[in-house]
Each structure stands twice: as structure tokens, then as C-alpha cells.
Amino acid sequence: MTKLSKIGALVAAGGLALGIGVTSVAAETMYTPNMSYRTGPFAATGIPLMNGQRDYVNMLNARDGGVGGVMVDFEECETGYNTNKGVECYEKTKANAIVTQPWSTGITLQVLPRTNVDRIPILAPGYGFSPMSDGNTFAWAFNPPVSYWDGASMIMNFISDGDMNSLKGQKIALLHLDHPFGKEPLPLLEQYAEEYDFELVPIPVGLKEMQNQSAQWLQIRRERPDWVVMWGWGAMNAGALTEAVKTRFPMDKFVGVWWSGSDDDLIPLGEKAKGYKSISWNVPGDYPVIDAIKEHVVDAGNSMVEEPADMDKVFYQRGVVMSMFLVEGIKAAQEHFDVGAVNAEQLRWGLENLNITDELLEELGMAGMTAPFQTSCSNHTGHGGAWMLEWDGEKFVKASDLLKPDRASIEPLEKEKAAEYAENNAPWPGRDGLPCE
Amino acid sequence: MLYRTSGQFKTTYESDQALFPVKQDALLLGVILLAAYVVFPLTASEFTFKALLVPVLIYSLAAMGLNILTGYAGQLSLGTAGFMGVGAYACYKLTTIFPEMNVVVALALSGFFSAAVGVAFGLPSLRIKGFYLAIATLASQFFLVWLFEKWAWLYNYNASGAIEVRTMEFFGIVITGPTATPVTQYYFVLAVVTIIAFAMINLTRGRYGRMWKAVRDMDIAAELVGINLMRAKLTAFAVSSYVVGIAGALLVFFWKGAAEPNLFDIPLSFQILFIAIIGGLGSIIGNFLGAILLVALPVILNVLPDTLGLTINSATMEHVNDMIVGALIITFLIVEPHGLARFWALIREKLIIWPYPH
Amino acid sequence: METLYNILIDPFVQMYEAPDFLMQVLWEGLVSGVLYALIALGFVLIFKSSRIFNFAQGIMVVFAALTLVGLHENGVPAWLAVPLTLGVMYVLAVGIERVVLRPLVGQPDIILFMATIGVTLFLIGFGEFVFGGENKVMITEALGIPTGALEFNPFGGFVLIEEKDLTAVVMAVLLVFALITFLNYSSMGRAIRALGDDHQAALSVGISLSTIWVIVWFIAGVIALATGIVWGARAGVSFALEVIAYKALPVLMLGGLESVSGAIVGGLAIGILEKLFEIYWGQPFLGGNTETWFAFILALIVLLFRPQGLFGERIIERV
């Protein structure tokens, strides 16, 4: 940057601050901001994921010169998992962004109505509002490869050994973060509890109590549930696992959602946490894509990972998979519209026509890393399925075959809640004349 | 020169006590209002509305409410955000129970709910003073946020536990919800803030204002000269909470569009308190100055490194922002405990006597 | 009738029927209570000597713990990291005295209080700037704190007592004794108490205000480090710890701002009562998480009857 242009930029920035205009981004990059949190109580689980996301895009930029010849600008905006700040980030980035990645169910819910108006797709892989799967209602929102309700269904399926009727009379505690994210599985689990006659005990953990859950685990000790299912995030996971070890809760009866399975939370507990399970839509392992990232990004000093061993962890690799969804969406749009730099509307089409196949994964160096799936107009999630991972004392290992959600029981609920949402937020545009191709 | 007061004679007590004893003050206010009502809407971008103008107005209003209680009546409150939440949730419930209700009516009514809660939590102020009271107001803060989380009726049993603002019209113009344009929302907020600010300026200059100030300066002495302490303190709590509640409702309905309970947690209370301190306790104009500074600071800090060609990650800027605000508070308390408002008063004084030093 | 029974009688029946569980609840409450008491002690010490309500005490806990862990992460051995952290707390005490307190001498209490809120915010930003915002694990083992658990089997049930919690309690007791000895028997301690009793008189007999302030803030820093270590061992080290600082405020309301014994008794009482309330009433009837406000409401109710707190000195106001 020359001195003159620096001054120019400074003036432009001053103008921005005074409310004259917004700085523009050079035309030939695609701006895909990520609402990250590398600070605050959720940073510990956020950082590895965000490193993975960032490094995959940077690897493509370094190795292939971007996606389809266009560089991807993967900038981060810090939210600290604070909904308020997340919305600010959305407002700040929406002018040039082709996608918004809110990174919190709370933020997703708040930007959801705005994205319809601003016409920007939301990409919320593995999080967000489960009914977003209904693409005819939520035309601009995508949550591949599985939703929280899918996750709850797969977990219940796993703990009942495939026979939900065997849960009859059992007591299942849902230890969840008292935040939109943690409350997500409740509607489905309540429905299941009624249908299969088991007792569901929701145990909320407030944002202020994440690190000191002694009251919650005393409650678990008193209730003596057969299973504890955890919908935890950030510091809550480490807190819960520590308390579980402390109160000698049997680890093999403790199952977490995919965000409750970070290696970093379990390493300090080591052998003591052996048997803890977490469902996951990616399987950790050695993949060519990780080697490529190591070569082009980490070894080049452009990564934020602290040591290469971090790249073998479940969360880092999941971050890579998340960015892969985004990039495949871009590729699909580039091909369909025959353009280089896709815009937000085109990317929306791309995400609606994702087709992740085994061949494609093989080609990307990700064979077996995640389950194949396909999105469509009415299916914005894909529902690819997930695996149960188990902590063996040192690392997570695959402990089940590919699990599939029980779509027959989830889909009516999705439709119902989507309709309810549209009604509460009337006039809701729905597909708003977007063609379905 | 600009502020020459010579030639402006006051021949009655009324004119001496008038809101604008100096003509230029009125002129200046006119210019500011012109800028707010005409110039900004014509020039500002959507980002500016959402990130600067609307927040400044709403935060000023909340700080104004707090200032009534803390700056005028001397009752330190650390629970502002809780009362903002009451206003927001009341407005939400009113507009969902009575969908036909005009949003202005709902807004005005929701203030009464927060005023009632404010008075309830203000009752201990008759017995408890100083720091003890400050801590007592924290009780309302924590209890109310907990209530917003646990009382599902408040958020209409929404699965996410958040309240969402639906699209509402005001005489045919969409003013809330995602389709409302920032300019309309800005005008609406501006109108509300103008009206309330005008009311508050008059209130604080009148009988109640004087009563509050007497209580602030020394409550026992005030009682001795015949001021009914209970009445003075509770009216301060009521008026303050009313204004704060409206600010909370505006925050959710005209800015955020949705809210989770923890939006009203303690950081918001402190944000408002800092605005009031930096702006100047016991002043109305200070709230605006404080809000401008505290809202603009993070925005500028976010833009600055880019323009200097530095890449600093956004988390670092957050931390730097906290440090600067913390240091600013300390600096202001040391240099000028009466805040920015006092600075303005000093500048004005200098301008009046210019070019003479005294 | 049944609701009344459920609320008024049934919890006690439960307590009687599962005494081992009750003992566990009481122990957990006691441990939190000890920590609340420690933080409250830091507040009281500063308030007694300088009439400053130090809102930053909670963040000093986090800051001390972060410094300790941060130093250790950078290769400083634990035996050296502790004195170094104390050194940092000393520098902080001197810094606060020079930069914040000295220029504000003689200002109204409320101004000083707000200045400490400014200090809090600054320290949050500074701490995150230096040490990063993510959670850290307390270096429990390196400090030689035992990590096992003792199991007792009274009444046919079981009670688990973690050795680190036990260490916390023992450490707190020792600290309190040391502090009381210091305040009562050393000349510096007597000077601090003199300052607390009467500012003017203490100054007139030659007690140096600024020295005392630095020392008091440093002692508060030492207490903060001790609290940070034991609480960090329980719950990890992060800025989320600052919420426990808010818990110390109702303890102060209950115990009185000037009373060392009040802080201790208040802290223990609140720790135990809030846990009992949460387990036997909060979770079954109110949806849980009542610990966030229970202490405040309790203190508020007590204050309505005793505006100076349970142990506070009687407030005499003059015009």
C-alpha cells in the first residue's frame, strides 16, 4: 500500500465512521465472512473449528488460486458467542458478503428474518434452527449435513440400540446449555418421551454456571437417570465432564451432541473419561486433504493452529468439512451460472443444489470423512447421518456404523414448527418467488 | 464572538430562568435538530443507521433514564438492563396479546410496567443507602434476567427462548420487523427520544427535579426541609424506570429485531452506566455526548487498523476497546467527574467571554 | 394443600431420607461459601482501610489466576510462578494507587466506586489482551495440590470429598488466621485498622495513607491469588470466573461492609443456603438456576430489617 492510498483509505474510513459510505471490496474476490469467537468462555471449543474452516479456504487459495480461479476472502468477525455482537457483525459484513456464517443458534435465529430481506444465504453447518431444513419456508437458510433434531434422533436410536420402545420407563436427563442452542432438541425429545414413555429430565446450565455445575450434577445424582445426554458448548463441556468424573457418573451412559466432543475437553481427563461418547458427522483420521493443508498453509506459517498435532483433532477436521460445504456450494453455483465470482443469490442456488457424493469426497481427499448427502429445494439439510465416537482415553474413535435420523418422526415436526415460525413472523416471504430448479 | 451575549437583556424573572437564556443555545439546538432530522437521513448509509445513529439514540435514552435516578436523585443503580428488559418484554407481550394495538400505544404502556417493577425494587431504597442500595439493585438485575429465561409465558413458549419482533405498521408504514427500512426506524426512534428528552429537561428543571436534587445532595437535610423522601425516591425510580423501559422496548423493536434474555444481562447495565458517567451525571445533554463516544469508539477501532494497513484480529480489537473504555472512565473521573457535559459547559463559557480570558 | 406440602414439608422429608445426599449438598455449599467469603474478605479489607468499595476484586481474582497459569505456560516453574504472580499483584497495587486512587483522594465514595468499575473493565481488556480469552486449566498438580477424592459412606450412602476442595478450605482457614493475626498484632495491621476507624485521626498520628493503600491492595491481591488458585482448580480459569465476584456482593450486604467476621459468616451462610435452596426448592419448583439471584434476594430481605447488614456497624447519620 502506498502512502497516498493509505491516506485515502484513512479518509474513507473517517467517512465511514461519520456515516458517508461503506468501503468496497475489490470485485474479483468472494467475501465469505465467518462470525468467529476466539475469545470468551466459548473460545476453547470455537478456535479449533474456526482454524479448520479458515485453513481449508486458505489452502484452496494457496494451492488452486481460490475456487474456480476466484480468491475467497474468509474474514473473521469476532462475536464472543454473544448474540448482540453477532448481529452487529452481520450488519457490518452484509453489504459485500455472499454468505453469512453466524456460528451460533442464537445469532442464526436473529439474522434469519433479515437474510430474506437482504437476500444473503445463511450457512449454519450442524447448528441453527432445525426446521430450517424446510427449504420452502426458509429459502435462504442451510444447515447441512444434519440438524439438531436429526442428532437427537440418532442419539436416542443409538442408546436404545435401535429399538426406541426399549426406553420405556427409563429416565433420560438432557443436560443442556440454557441458550437457544441448548433448547433446540427439546421439542423432539419431548415428543419422543411421550411416544415411547420414557421420562425426560431437562437440566439447564446457565451461561454463568458453565464452569461450576455442582448443582446440576447433584441433581443428576439425586435423579439417577439411566442416560445423560449433553447439549453443551464451550466451557460447559469441560465443566460437565469434570463433574461427571468427580461424581463418578458411569461414562458409558454419557452421550454428547457433536459440539460436546472436543479432544481438548477430554485430554485433561484422559483415562478417567474413557467410554464417553459424542455423536459426530465427521470421522477423525488421516486424510489427504489434511496433508494438503499442512503443506500449503500450516508449513507456510499462515495457519493459526498452534501445533500440527491439533490438525488430527475432531473439531479441526470438522471445521475443514464445514468449509468444504461452502466451497462446494460456490462450485455448484459457478458451474450452473457459468461465472467466476458468484454473488449471494447464486450461492443460495449452489447451496440448495449441493451434491456431496463418495466420489466427490474421494476427489477432495476426504473419503469417509463425512457422510454423502444431497440438498434440494425442500431439503436444506441433507440429513446425511453421523457416527458415534467414543473417547478411548487418548482420542476419539469411531464406535458405530453410520447412523441415520428417523426422518419419519422428525419431518412432520419440522413442517409444523416451520409453519408456526412463519405465522409468528407474518408476513413471512417463504420462497418468495425463487424458482426451484 | 459566536457566543456573544451582549445585547440580550433579561427584563423578567421568567426570561432569566428560561430554558435558553442565551439565544445562541437555541440556535445551536436548532442546528442539531436540523442535522438529526434532515441531514443525517439524507446522507447516512444503512450501516450508519444500524451501527451508529439508532444505537446512539437508544443508549442516550436509557442513560437519560438512569441519570434521572443516579445523577438527579442520587440513587446508584446497577440494574438498568433488567428494567430495559421489563419494557421490552412488556411491549412484546402487549403486541402479541393485542395484535391490533398500535405500536406507539404499546410502547407508551410498556413503560408503565417497567415503572411498576422499578418502584417495587426501589422500595428498599427507603431503608438502604449508598453501596448497599447499589448492590440491592443488582438483585433486580439478576432476578429479572432469570425470570426472562424461566417464565416461558413471557416469550410465548418460543422454542428458542428468544422474543422476535413481527412486522408492524404505523399508519400504513412498516416500522418494525425485517422489512422496515432503517430510515423509518430512525425517524421513529428520533421522535420518541426528542419527546422524552424534552419532557425530562422540563421535569428536571421543575419541582420534582429540585426535590430529587435535594435528596441527592443530602437526604436527611432534604427531609428536614419538608421533602417527602418516600415520594421523592419512588417518583425518581418510577420516572427513571419508565424511560429506561421505553429505551429497552425501542432497543428490541427498532434496533435488534429480536432479543434473548441475556441481552439484558449485566454488561448492558454497565454500558449504560458508563455512558451516564462519561457523559456526565446530573445532565441531560451529557447522555447524548456519552452515547456518541461509547458507540462510535468500537466502530472506529474496528475500522482504524485496516486503514493503517495493519491486520489485527477482531478479538484483539475487542480487548483494546475494553481497555480504552476502562481507561476513559478513570480519566474522566479524575480529570472531570462531571463528564463530557461539563466539558461542553466549560467550552461554552469560554466562548461567551472570548477573547478575554476571564 | 398438596402444593403446600410439596413446598413446605417434602424437601425436609427428602433431606431426612437421603442424609448422605444432604451431606454432599452441604459440603458443596460450604466449598462455594468459602470462596465467596475469601472474595468478600478482599472487599472488606479495602473498604475498611480506605472506604473504597472495590468492584475490581473479582477481576483481580481472574487476573491473578491468569497470570499464574500464563507464566507457567511460558515455562516458568510453579515455585517461581507464584512469587512472580505476587510481584505482578504488587505492581498492580502500586499502579492502582498511583494512577487511580491518589488523584481521587477526597472525592465522594461513589466516584471512587465507579473508578474501580473502570479498573475492572480495563483489567478485563488487558487480561484478555495479554493472556487470550480462552479457558485455561489451573496448574493444580504443579502447585502440589492433591487431586484425588475421599469417599465416606455414612448412612449406607456415599459422600465424595475432593482433596482439592479440602485444600481450598484449609488454605482459606489458614489465610484468615494469618490475616487476623496480621491485623491485630503487627504495627502495620494496627495502622490499617486505625485508618478504618478514623481517617483523620490516623493521618494526624503519622500513618502514611499511600503506603497503607498499597499494602492493603497488595493483600487483597494475595487473597485474590489464593481464591483464583482454589476456584480455578475447581472450575478452570477464565473470565467467566468474574461472576463469582458478583456473588461476593450479597455476602457483603449480609455481613456488613466493614466486618471481617461478617464476610466469613456471610460467605459460608450464602454458599450453603443457596445450594440447599437450589437443590430442594429451585430445581423442583422454579426450573433451576436460582443460584444466580438467591443470594441477592436473601441479602435484600435481611437488609430491609437490618440496613447495616448482620455484622455491620450501626449507621449514624448526621446532617
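A nonpolar core is a set of buried Ala, Val, Leu, Ile, Met, Phe, Trp, Tyr and Cys residues joined through C-beta atoms within 7 Å. The exercises below apply this and related terms to a predicted model.

**Exercise 1. The nonpolar core**

Task: State how many residues the largest nonpolar core has, and which residues have the most contacts inside it.

Solution: 
- Step 1. The largest nonpolar core contains 354 residues.
- Step 2. The residues with the most contacts inside this core are Ile58(B), Leu61(B), Val243(B), Leu250(B), Ile329(B) and Ala40(C).
- Step 3. Domain 1 (24–146 + 285–382 + 413–424) and domain 2 (149–283 + 388–408) of chain A each give at least three residues to the core.
- Step 4. Take Ile58(B) and set aside its neighbours within four places in sequence: its contacts are then Val189(B), Ala247(B), Leu250(B), Leu251(B) and Trp255(B).

**Exercise 2. The overall form of chain B**

Task: Describe the helix and strand content of chain B, then decide how its radius of gyration stands against the globule rule.

Solution: 
- Step 1. Chain B has 14 helices and four strands.
- Step 2. The globule rule gives 21 Å for 358 residues, and the radius of gyration of chain B is 21 Å, so chain B is as compact as a globular protein of that length.
- Step 3. Along the principal axes, the C-alpha atoms of chain B fill a box of roughly 65 × 60 × 45 Å.
- Step 4. In chain B, 53% of the 358 residues count as buried.
- Step 5. Of the contacts in chain B between residues at least 6 apart in sequence, 75% join residues at least 24 apart.

**Exercise 3. Where chain B touches chain A**

Task: Find which helix gives the most to the side of chain B that touches chain A.

Solution: 
- Step 1. The contact joins 37 residues of chain B to 42 residues of chain A.
- Step 2. On the chain B side, at least two residues each come from helix H2 (23–43), helix H3 (46–72), helix H12 (285–307) and helix H13 (314–335).
- Step 3. H12(B) gives the most, with seven residues.
- Step 4. By class, the chain B side divides into 16 nonpolar, 13 polar and eight charged residues.

**Exercise 4. Strand S14 of chain A**

Solution: 
- Step 1. Strand S11 (residues 277–280) of chain A pairs with S14(A) in the antiparallel sense over four bridges, and Ser278(A) stands opposite Leu389(A).
- Step 2. S14(A) also pairs with strand S15 (residues 396–398) of chain A, in the antiparallel sense over three bridges; here Trp391(A) stands opposite Phe396(A).

Conventions
Residues are numbered from 1 along each chain as its sequence is written. Chains are lettered from A and ligands numbered from 1 in the order in which they are written. This is a predicted model: local features need pLDDT of at least 70, side-chain atom pairs count only at pLDDT 80 or more; totals for chains, interfaces and linings use all residues. The radius of gyration is taken over C-alpha atoms; the globule rule is 2.2 Å times the number of residues to the power 0.38. A residue is buried if 20 or more other C-beta atoms lie within 10 Å of its own, exposed if 12 or fewer, and partly exposed in between; C-beta atoms are placed from the backbone. Two residues are in contact if their C-beta atoms, placed from the backbone, lie within 7 Å. Domain bounds come from an automatic or database domain assignment. Ala, Val, Leu, Ile, Met, Phe, Trp, Tyr, Cys and Pro count as nonpolar, Asp, Glu, Lys and Arg as charged, and the others, Gly among them, as polar. Two strands pair if DSSP finds at least two bridges between them.
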